[in-house]
Amino acid sequence: MRITPAVEDLAEHEADTLVIGIPDDPAWPGPSRRVDALSRGLLGRLFESRDVAGKVGETTLVLEPPGLRAKALLTVGLGKQAALDRGVANRAAGSAARQLARRRRGRVAFALGDDWPEDRVAGAICGAMVGCAGQDLFRAEKKSFSFDEMTWFGATAEACEQGRILGESVNLARRLVNQPPNVLFPDSFADIARTVCAEHGIECEVWDDRRLEQERCGAMLAVGRASTQPPRMLILRYRGAPGEMPPVALVGKGVTFDSGGLSIKPSDGMKTMKGDMAGAAAVLAAMCAAARRGFPAHLIGVLGLVENVISGSAYKLGDVLTARSGTTIEVLNTDAEGRLVLADALNVAVELGAAAIIDVATLTGACSVALGQHVVGVMTNHQPWCDRVLSAARECGEPAWQLPMFPDYGELIRSQVADIKNVGDGRYAGTITGAKFLEEFVGGRPWVHADIAGSAFSESARAWIDGGGTGVFVRTLIEVVRNWSGAAPA
Ligand SMILES: [Zn+2]
């Protein structure tokens, strides 16, 4: 899709559709006032009759609007002006785009507000790109169509480029999640990663099963043992800082399909398990964005890719595994496999000299029980680093909430026969005991764990995004690494 700043006047702009932002209060910004004047009060009358509203993401389509050269006008609500931020802009633009993407369109122009900061414009462009990309990858008859071209009023060329990179990154993560498990498995994921890394100047090292044995990745190998698709560990390196700078590591859980193993899931719980690699997809997408934007930072990405299925060689309940770090783990549930994969991946990140770590994982169903389907659970061993991640999430408009890590929770994963066990105490505090397990492998480095179970995959569409993979936390990761200066804040 071509994305450019609009140069002509609003009245003269020839577009298939012109999208105008309408706030939910009387002080309308420039573009809506201007369109209202050009159309001799049309918008005001529609607002008065309540055919147009300013509620975030609410849209109204007007064909052949008077006084404009655009063939159609779409109003989209921006909510209260005081609450308008990057997240709202993202959802509003996404809602408008999703509405328009139901059929093919040539040029769509957006005039949402005046004097928006560059980051907000970029967030809106990202939202629009996400809004017109659907999950119907394998349908002959598509339900949504990307526009040929978008033009943005009040945008700089730089904001357009930033928005495009954000949108393409989120869509990359979504597309990977939406790939079915017969297409996307550890080796094919590795192939895709190798290709996109080569395009953007990121080094991509792939550890195959032989190498994983040599590297003593006993926890991850146990998970993958039952599958005919052998596991892979990907180590991505982006060096954007001019000199030596300690890197930040992004670590992603990449279980390309999770049957639960011998602790098998019911069919209903297994249906969306192609999305259990969303953490790895988010890390790959964020690394690509960082490289494309040339952030002056050193980054490491570690992706643990594995398929968790059943065969005679499946790992068993009661098995004691030795993780790469030497820690022994008693397996009491083979469906708590993500933490086993991450145990070895986090250890690799530590060994590579990460000065701070963020891991992203669809780790626990308990996270959706605690926080719902659309909120990321965040846990840490280092509050200032966590505050940095939470503030990035807030800036981007990605809802995230911190859960406590009291030392007592750590007692729940002590084992009678090994150093630790891979589940806590029944169903209590399952998200936190998962994080406590991971904490054992971060070598005391500043670390944030983002549990994206629930928020990574949406069974149904929302106004601004189709169902399926959501690309959650890609924008937040990009925002964090953009400001990386070699150390976690003190
Ligand atoms: Zn599982």
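Author: Two strands pair if DSSP finds at least two bridges between them; helices (H or I, at least four residues) and strands (E, at least two) are DSSP runs numbered from the N terminus. The model is predicted, with local features needing pLDDT of at least 70 and side-chain atom pairs pLDDT 80 or more, while totals for chains, interfaces and linings use all residues. Residues are numbered from 1 along each chain as its sequence is written.

Reader: Which are the edge strands of the open sheet?

Author: The open sheet is formed by 6 strands with mixed pairing, in the order 1-6-5-2-4-3. An edge strand pairs on one side only. The edge strands are strand 1 (2-5) and strand 3 (59-63).

Reader: In strand 5, which residue is the bridge partner of Ile20?

Author: Strand 2 (residues 17-23) and strand 5 (residues 107-111) run parallel, joined by 4 bridges. Within strand 5, the bridge partner of Ile20 is Ala111.

Reader: Which residue of strand 8 is the bridge partner of Cys204?

Author: Strand 7 (residues 203-207) pairs with strand 8 (residues 232-239) over 5 bridges, in the antiparallel sense. In strand 8, the bridge partner of Cys204 is Leu236.

Reader: Which residue of strand 10 is the bridge partner of Ile235?

Author: Strand 8 is also joined to strand 10 (residues 298-308) by 8 bridges, and these two strands run antiparallel. In strand 10, the bridge partner of Ile235 is Val302.

Reader: Why do the buried residues of helix 13 line one face of the helix?

Author: Helix 13 (residues 383-396) has as its buried residues (20 or more other C-beta atoms within 10 Å of their own) Trp385, Cys386, Arg388, Val389, Ala392, Ala393 and Cys396. The arc is that of the directions from the helix axis to the C-beta atoms. The buried residues line one face because, seen down the axis of helix 13, they fall within an arc of 155 degrees.

Reader: Which residue follows helix 13?

Author: The residue in this place has a positive phi, near 80 degrees. Helix 13 is followed by Gly397.

Reader: Which helix gives the most to the side of domain 1 that touches domain 2?

Author: The domain assignment, automatic or from a database, gives domain 1 (2-155) and domain 2 (178-482), whose centres, taken over C-alpha atoms, are separated by 36 Å. Contact (C-beta atoms, placed from the backbone, within 7 Å) links 18 residues of domain 1 with 11 residues of domain 2. On the side of domain 1 that touches domain 2, the elements giving two or more residues are helix 3 and helix 4 (118-131). With 8 residues, the one that gives the most is helix 3.

Notes:
The expected span of a helix is 1.5 Å times one less than its number of residues. A residue is buried if 20 or more other C-beta atoms lie within 10 Å of its own, exposed if 12 or fewer, and partly exposed in between; C-beta atoms are placed from the backbone. Two residues are in contact if their C-beta atoms, placed from the backbone, lie within 7 Å.
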